[in-house]
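I opened my notebook for a first walk through a new structure. These are my entries, in the order I looked things up.

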Amino acid sequence: MDALDLLEDFGFEAAAIVLGPEGERARRGDVTRIRAWRSVTKTLTGTACVLAAQAGKVHLEDPAGPEGSTLRHLLSHASGYFYESDSTLQAPGLRRHYSNYGIDEAARHVERAVGRDFEDWLRERLTDPLGMRDLTWEDSPSVGAHGPLIDLALLAAELLRPTLLDPAWAAELTTAQFPELVGIMPGFGKQDPNPFGLGLEIRGAKSPHWTGTRNSPRTIGHFGMRGTAFWVDPQADLALVIGTSHDFCDAHREVMPRLGDAVLEQFAVR
């Protein structure tokens, strides 16, 4: 059985692309359909912010957000901000509070530092160089991207084999920040610990989880509540990009881990 046959088990429209270091390995479904990326947008924003740090425009230890918070705290959901407001739950660095507002504030900090709209910076330094031609951006750096899976695959390929970030900065992007922090993983409950990089989720030992049980702890990626997701597993040297026509639901929780395991079983180099 082909791993991507499992897309039919969603029970609604779904598409996927599998990538290896040499490029695309397989695809199924409509990979050109424009989809809402929702929280997958955070991976674009995190990468663009790290590109600004690499260029010397900002520093990850810049004060940003609530008192005591830094750009690093904002990008790793450790600033203490509520989900979608500038109110705080507690001091920075004590718990992983998933926050759209914190990611938006990180983008505003970079925007002020580079002296231009964040979208302009992101397009010049990230999406245009990668050839992401059909991406659209609607206001929020945390949830505003729309685009086809073929564009998301270009981002996944970049994270699999970085070309825009120097190795040290690529490592910074994908390394767990404040790795001991506990927090709620949206849709999957409390995780202890709940590792995140800079705008990227890190799998770690989370359970339950939307990636496969075979995915390595170093796996990075994100899912969005409109049914778009991707992961990059550096140990397996593979990436999977997924898009569906349905908001994130129980079918995603059940099928996506099985799909991840099947992709790793079929395509990982032994």
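This is a predicted model: local features need pLDDT of at least 70, side-chain atom pairs count only at pLDDT 80 or more; totals for chains, interfaces and linings use all residues.

**Entry: arginine 108.** Is arginine 108 buried or partly exposed? I found a relative accessible area of 30% for arginine 108, so I noted it as partly exposed. Next I looked for its charged partner: glutamate 105 forms a salt bridge with arginine 108, and their closest N and O atoms are 2.9 Å apart. Glutamate 105 is buried, at a relative accessible area of 12%. Both residues belong to helix 3, and because they are 3 residues apart there, about one helical turn separates them. Arginine 108 had something else for me: its charged end sits over the ring of tyrosine 101, 5.0 Å from the ring centre.

**Entry: aromatic pairs.** Tyrosine 101 is in one of them, paired with tyrosine 81 in an edge-to-face arrangement, with 4.9 Å between centres and 80° between the planes. I then checked where the two partners sit. Tyrosine 81 is in the loop between helix 2 (71–75) and helix 3 (100–114), while tyrosine 101 is in helix 3; at 20 residues apart, the two link distant parts of the chain. Tyrosine 81 has a relative accessible area of 6% and is therefore buried. Tyrosine 101 comes out at 22%, which means that I list it as partly exposed.

Tyrosine 83 and tyrosine 98 are stacked, with 6.3 Å from centre to centre and 25° between the planes. Here both partners lie in the loop between helix 2 and helix 3, 15 residues apart, and this pair too is one that links distant parts of the chain. Tyrosine 83 is partly exposed at 41% relative accessibility, whereas tyrosine 98 is buried at 13%.

**Entry: an aromatic cluster.** Which residues form one aromatic cluster with Phe188? I found Trp210, Phe223 and Phe248 in it. Phenylalanine 188 also has a charge to show: arginine 253 lies over the face of its ring, at 5.9 Å from the ring centre.

**Entry: salt bridges.** I went back to charges and asked for the total. The structure holds 21 salt bridges. I picked glutamate 61 and arginine 72, whose closest N and O atoms are 2.6 Å apart. This pair links distant parts of the chain: glutamate 61 is in the loop between helix 1 (41–54) and helix 2, arginine 72 is in helix 2, and they are 11 residues apart. Glutamate 61 is partly exposed, with a relative accessible area of 47%, but arginine 72 is buried at 15%.

Arginine 258 and glutamate 254 gave me another salt bridge, with 2.7 Å between the closest N and O atoms. They are 4 residues apart in helix 7 (residues 250–267), so about one helical turn lies between them. Arginine 258 is partly exposed at 32% relative accessibility, and glutamate 254 is partly exposed at 41%. I also noted a network: Asp2, Asp5 and Arg28 are joined into one by salt bridges that share partners.

**Entry: helix 4.** Then I looked for buried residues in helix 4 and found several, including Phe118, Trp121, Leu122 and Arg123. Leu126, Thr127 and Leu130 are also buried there.

Entry: In what order do the 3 strands of the open sheet stand? The order is 3-5-4, and the pairing is antiparallel. Strand 3 (35–36) and strand 4 (136–137) are at the edges with a single partner strand each, so one side of each has no neighbour in the sheet. Strand 3 is joined to strand 5 (residues 145–147) by 2 bridges. I checked arginine 35 and found that its bridge partner in strand 5 is glycine 147.

Note on methods. Residues are numbered from 1 along each chain as its sequence is written. Side-chain values use heavy atoms; hydrogens and water are left out. Rings of Phe, Tyr and Trp (its six-membered ring) pair if their centres lie within 6.5 Å; planes under 30 degrees apart count as stacked, over 60 as edge-to-face and the rest as tilted. Buried means under 20% relative accessible area, exposed over 50%, partly exposed in between (1.4 Å probe, protein chains only). A charge sits over a ring if NZ of Lys or CZ of Arg is within 6 Å of the ring centre and within 35 degrees of the ring normal. Two strands pair if DSSP finds at least two bridges between them. A salt bridge is a side-chain nitrogen of Lys or Arg within 4 Å of a carboxyl oxygen of Asp or Glu.
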